[in-house]
Structure formats: C-alpha cells, structure tokens
Amino acid sequence: MVRFVIRRLVALLPVALGASLAAFLLLHLVPGDPAEVIAGVGASAVDIDRIRGQLGLDRPVLVQYARWLGRATIGDLGISLVSRQPVLGQVAARFANTLALTLAGMAVALAIGLATGIGSALHRGTVWDYAFSLVAILGVSIPTFWLGLLLMLWFALDLAWLPATGMDGPAAFVLPALTLGLNAAALVARITRSSVLDVLGQDFVRTAHAKGAGPTRVLWIHVLRNGAIPILTVLALQFGYLLGGAVLTETVFVWPGLGRLLTDAILQRDFPVIQGGILVIALAMILLNLVTDVLYAVVDPRIRYE
Amino acid sequence: MARLRRNLLAIVGLLLVSGLLVVALAAPWLAPADPNASNLDEVMRPVSGAHLLGTDGLGRDLLSRVVWGTRTSMAIGAVVLGIALVAGTAVGFSAGWCGGVVDDVLMRLVDVLMTFPSILLAMAIVAALGPGLANVMIAVAVSAVPRFARIGRAVLLSLRHQTFVEAAWALGTPDVRVLSRHILPNSLAPLAVQSSLLFATAIQSAAGLGFLGLGAQPPIAEWGAMLAESRVHMRVAPMLVAAPGLAILLTTTAFNLLGDGLRDFLDVRLPAS
C-alpha cells in the first residue's frame, strides 16, 4: 500500500509542476505589458517601472518562473498589490473557510444523494422513482447562485429562521451548505441509482440472498461495496466541482472564502493573490486525486497490483 | 416503458430548445420594448398590462431584458461550443492519431487543465484577459476543451483498429481522408451528446461569471448579470430575481434533457475517461 501511494505521488508530480506553470503564466497571458495593466490607467512611467521591478518582470520568463516556484516551495507567494499583506497568509485563511463550506456541502450531497439514489434503485419503476428522476434533472440544472438567492429570500429574509450572511456559528452553515450541496446531491443520486441497479443484477447478489443473508447485509456488504467505485469517482469529481461552486455560493452569502478573495483580486488585477489562490486550489485538487486513488485501492484491492 | 418515458423527456427537451432558439432569433420582434431604455419614473413597477413582468431598478422592461437575455445566452452557448468542439476534437484526434510523444504531451496538458474545477479555470483565464462577455466566452470554451479532447481521443483509439478503418488504409486512402470520412462520422454520436450537455454548462458558467461581475458588463441584458444587479431589490421586487433565474433553469434543463435523451437514443457508451 505504501508503495502504491508513493507511485501515485510520483505520477502526480509532473501534473503539479504543470499546474504551477499554468498559475504562473497567467500573468503573461495578459494582452500588452503586464506592468502597465497592473499599474492601471493613467499611471506614471515611474510607477510602472516600480511595479516591473517589484514583480521581477524585467527578467527572462523562465528565470521569473524559477524564482517564483522556488519561493513558493518555502511558502512565500509574494505580497498582495492591494492589501500589502503576504499572499500566503491571506490565501490560507480564506482557503480554510472555503474548505469548511465545501465539506459541509459535500455532507449534504452525500446524505441526500446516497439516500435518494439507493432508495430509488430499490424501488425501481415506482412513482417515487419517476418523481425522483425528474427532480434530479432539475437539481442538476438549477444555477447554484440562484438557488442560494431563493433560499436566502425564504429562510433568512422572509422567515428569519437562519442568518443570511457571514459565518458565525453552525446556523450560518445551513443555507450555504444546502445551496452548494443540492446540485451535487442530484448527480450523486443519479450515479448511485444506476450503480446500485447494475450490481443488483449480478449473480453474487442472488447467491448472497440465497445463502440467507439479510437484506441489510446484502445491501451494505455486497451491493454498496461493489457499486462504490463509480460513486467514489463522482464524489471526487463533485468535490472539485463544489470547490468551484463555492465561489458563487460565497458571493451570495458574503462568505469570507477563497472564491470571494479571487473574484476581488481579479477585479483589482492583484496578480500575486490570483496566482497564489490558483496554485493553492490546483494543489488541493491534485491531493484530492491522490486521496481518490488511494480510496479506490482500499475499496477494490485488485487496483493495487495493476 | 422506461425507454418511452425517456424519449418523451428528450422530445420535451428538443421542443424547449427549439422554442428558445426562436426566442433568441426573434428577440427584436418579440420583446415589447427596448431592453436598454431606462425610465426613471417607472422604477421597479409590479407586473402590469404595460410591463408584463414589471420593470427593474432602472425602469427597464423586465420581459424585454429576459427575451434579449435569451439571445445573449444562446450566442454564448453557440460560440463556446464552436470553439471547444473544434479545438478539443482536434487535440484529441491529434493525440490519438500521432501517439508517442505528441500523445503524452497533449494529454498531460489536458490533465493539467482538468486539475482545475472548470469555473475556476474560466475565472483564471478571465483574470488574465480581463472581465467582459467576449473574454468569458473564450475562457469557458478553453475550460471545456479537455472534455472533447478526451472523447475525441477515446473514440479514435477505439476505431483505429476496426476492420473498416484498416480496410480504408490498406486501399491507400490518405490519412486526412480516413480521419474525415471514416473516423469523424463515427464519433458524431458521443460528440453530439457532449455538445448538448456543454451548451447547458456553458450558459450556466457564463451566467455565474456574469453574476460575479466578471462577465457581461452593463447594460448588456444577460441573465447572470441581471441577477447580480437586482439581488439588492430581492425583497421589494422578487420578480427581478425570479425571472432571470427561471430563464437559466429552463434553458439548462432543456439542454440537459436533450443531451440525456440523445445519449439513450444514439446508445452512446463512452469508454471511461
């Protein structure tokens, strides 16, 4: 197992390098002179020169990348052009908030998605099953930010049951987590349903029933474990999707997360923050891929020996 | 029964998509008023005979803005799909066809792009290019390229050793012709399914970026930007939030239904990628 993890880690290294290069090169995709763009309209030549020197833009691109990457590995992502604070501290604090929101959303997606998916697979062809597939399509299609606005309007503003904005206390998590998780719940439910249906038709399930295993045991030990790989894949994909969706949810609920920080940085052309934020997200995603691979190997031991 | 029900949903999707296309194309004739004509004496009026959906914070006719927004969103979908489909398939075909180093390099690039959640990738590109509708279209298209590259490559690899392709080769058909006449027509089914689903995602992503203020800039009538403009008036004039949101929901549902239906109808089984 340790060898498996190391092998996956080595395989992910080039992707991590590529992602860091992509995050770095963003600044150089800017049409025209990045220093002039950052300085803004009407900046003096002295200001532009100062920014160019400050960001090291006067050196060859490859040298710039090497310096940026070298500093990044020791946790120095530069200084924000707007707040004049170190980028790492800002990004880390905001990322923790985004992660908390994403995990809460994931819990919603898992609870609702697995329950409805398994339920409708076991009651295939009934009215419930049909109603569920219609709701699932709507659930996939509903725009996250709009759902967030509606939930906020009903439960926070009209009924005043829950706080509308901010992140004080557990109650503040409810609406943002629901907003973020319902979309994903629909997808998790769909894949769970088809995956459970697939496994239910297999010979070993009939055998398990025949040898006298109770329905609960058959479901948990035989069906779910064998249907887990596609569900895990979707969950891992959804985690990334939720991390992205968090950007919109954060804007609706004024959540102090990374998405909000990035949006503001983009509007203010604060490139060190943009690059740092993107890099952190990329690394988180790569780590997530690794965790998924390891989980595959835990669920299905055959994968370890491939 | 299940098949019939699914086909029914697909037909509903097709009808909705056709309807939306008509609205988009006929927007200048369908919209009762100029979507950008503001009238500060008529701010946030409720639903009435003169304004079927009421007016927004600048006194503009909401129905006209929603109708013109259809045009904006369908244009976004079409442009994004065009770029992503052509570029993605080209990348996927080249990777699968050339194999070796070209395959490795191209697919590693695709892996890197897929590392980022697509809306964040689009945001990153907008960060470099600057906010605006055109840049959002480019950004969303680029973030969708990996999907088509993967499908293109997978289909090509599964077809290249089929007898009819090898026969074409054996007869001395040039590579380009084998690709365009034999491989491409056989990859249309999975590409069509993915295209319909992408149309939905593209409209939603662009609306999301519009909502963040990174996309369509005022006064362009775009559903996401309209939601951002009117959210402060949400309690006073709920219609301002309801109408553009429902429009996005309806459009994405239509394309998702169509995509799902096409998948069943064309019996597409994609190789896991």
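In the predicted model, the axes of helix α5 (residues 87–122) and helix α8 (residues 171–200) of chain A approach to within 5 Å and cross at roughly 35°. The crossing of α5(A) past α8(A) is right-handed. Residues that form the contact of α5(A) with α8(A) comprise 23 nonpolar, 7 polar and 1 charged.

Chain A is divided by the domain assignment into domain 1 (2–87) and domain 2 (89–305). The centres of domain 1 and domain 2 of chain A, taken over C-alpha atoms, are separated by 32 Å. Contact between the two domains of chain A involves 26 residues of domain 1 and 23 residues of domain 2. On the side of domain 1 of chain A that touches domain 2 of chain A, the elements that contribute two or more residues are α1 and α2 (34–39) of chain A. The most is given by α1(A), with 13 residues. By class, this side of domain 1 of chain A has 20 nonpolar, 5 polar and 1 charged residues.

Chain A also meets chain B, with 36 residues of chain A in contact with 37 residues of chain B. On the side of chain A that touches chain B, at least two residues each are supplied by α1 (2–29), α6 (127–141), α7 (144–158), α11 (228–253), α12 (258–268) and α13 (271–299) of chain A. This side of chain A consists of 30 nonpolar and 6 polar residues, with no charged residues.

Within helix α6 of chain A lies Trp128(A). Trp128(A) has 14 C-beta neighbours inside 10 Å and therefore counts as partly exposed. When neighbours within four places in sequence are left aside, the contacts of Trp128(A) are with Ser120(A) and His123(A).

The secondary structure of chain B amounts to 10 helices and 0 strands. The C-alpha trace of chain B spans about 75 × 50 × 30 Å along its principal axes. Of the 273 residues in chain B, 51% are buried. Among the contacts in chain B that link residues at least 6 apart in sequence, 69% are between residues at least 24 apart.

The largest nonpolar core contains 156 residues, and those with the most contacts inside this core are Met123(B), Val126(B), Val140(B) and Ala202(B). Helix α8 (residues 175–212) of chain B provides the largest share of the core, 15 residues. Residues are also given to this core by both domain 1 (2–87) and domain 2 (89–305) of chain A, so the core lies between these domains. The surroundings of Ala202(B) show contacts across the sequence: apart from neighbours within four places, Ala202(B) is in contact with Ile76(B), Gly77(B), Val80(B), Leu81(B), Val140(B) and Ala144(B). One of these partners, Val140(B), is itself among the residues with the most contacts inside the core.

Methods
Residues numbered from 1 in each chain as written. Chains lettered and ligands numbered in written order. Predicted model: local features only at pLDDT ≥ 70, side-chain atom pairs only at ≥ 80, totals over all residues. Helix = DSSP H or I, 4+ residues; strand = E, 2+ residues; numbered from the N terminus. Buried ≥ 20, exposed ≤ 12 C-beta atoms within 10 Å, placed from the backbone. Contact = placed C-beta atoms within 7 Å. Nonpolar A, V, L, I, M, F, W, Y, C, P; charged D, E, K, R; others polar. Domains from an automatic or database assignment. Axes fitted to C-alpha atoms, helices over the stretch in contact; angles between N-to-C directions. Left-handed = near helix turned anticlockwise from the far one by under 90°. Core = buried A, V, L, I, M, F, W, Y, C linked by C-beta atoms within 7 Å.
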